[in-house]
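Q: Please take a close look at one helix of this model and at the helices that surround it. A connected account of its packing would be welcome.

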Amino acid sequence: SDKGDYGGHYTAMLVWPGPYLNALRSLFRTLSGGKFDNSYKELLPLIPTVLNNFYRIYTCTHSRPLRFVLLELCLTIPSRLAVLLPHLPLLVRVIVPALRSDV
């Protein structure tokens, strides 16, 4: 079979991450509900890393559906505004394409 220029080495990285992203979406919605305060507190120190990695993947992909889901996840991270304010420059880079629908 034709494996293109990759020779089959990168096939594991080319799998659509939909199930993982859906799991994150569900986790974020659950944590936003406020019922799991201890889990929310565990997520707080990870917010900068999560935001930066979502944005890094967003800038590296050309897949519109993946870019859309990544923007959604960035904008729905369960956090209070005071926690997100230090990351405002990064959030603006996510908010602008979301507002323009320029996924």
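A: Angles between axes under 35 degrees count as roughly parallel, over 145 as roughly antiparallel, 65 to 115 as roughly perpendicular and the rest as oblique. The axes are lines fitted to C-alpha atoms, for helices over the stretch in contact, and the angles run from 0 to 180 degrees between N-to-C directions. Helices here are DSSP runs (H or I, at least four residues), numbered from the N terminus.

The model is predicted, with local features requiring pLDDT of at least 70 and side-chain atom pairs counting only at pLDDT 80 or more, while totals for chains, interfaces and linings use all residues. Residues are numbered from 1 along each chain as its sequence is written, and side-chain values use heavy atoms, with hydrogens and water left out.

Helix α6 (residues 88-100) has α3 as one packing partner: the two meet at an angle of about 45°, their axes 10 Å apart. The helices α3 and α6 are therefore oblique to each other. Their crossing is left-handed, a term used if the near helix is turned anticlockwise from the far one by less than a right angle. On the α3 side, L51, N52, Y55 and Y58 make the contact (heavy atoms within 4.5 Å), and they meet L90, L91, R93, V94 and P97 of α6. By class, this contact has seven nonpolar, one polar and one charged residues; Ala, Val, Leu, Ile, Met, Phe, Trp, Tyr, Cys and Pro count as nonpolar, Asp, Glu, Lys and Arg as charged, and the others, Gly among them, as polar.

Helix α4 (residues 64-75) also packs on α6, at an angle of about 130° and with the axes 10 Å apart. This pair is therefore oblique as well, and α4 passes α6 in a left-handed crossing. Here L71, C74 and L75 of α4 touch L91, V94, I95, P97 and A98 of α6. The contact of α4 with α6 has eight nonpolar residues, with no polar and no charged ones.

Helix α4 itself has twelve residues and reaches 16 Å from its first C-alpha to its last, close to the 16 Å expected at 1.5 Å a residue. Within α4, L66, R67, V69, L70, L71, L73 and C74 are buried, meaning under 20% relative accessible area. These buried residues pack against α1 (18-32), α3 (47-60) and α6.

Helix α1 contains R25, which is buried, with a relative accessible area of 19%. Leaving aside its neighbours within four places in sequence, R25 is in contact with V69, E72 and L73.

Conventions. The expected span of a helix is 1.5 Å times one less than its number of residues. Buried means under 20% relative accessible area, exposed over 50%, partly exposed in between (1.4 Å probe, protein chains only).
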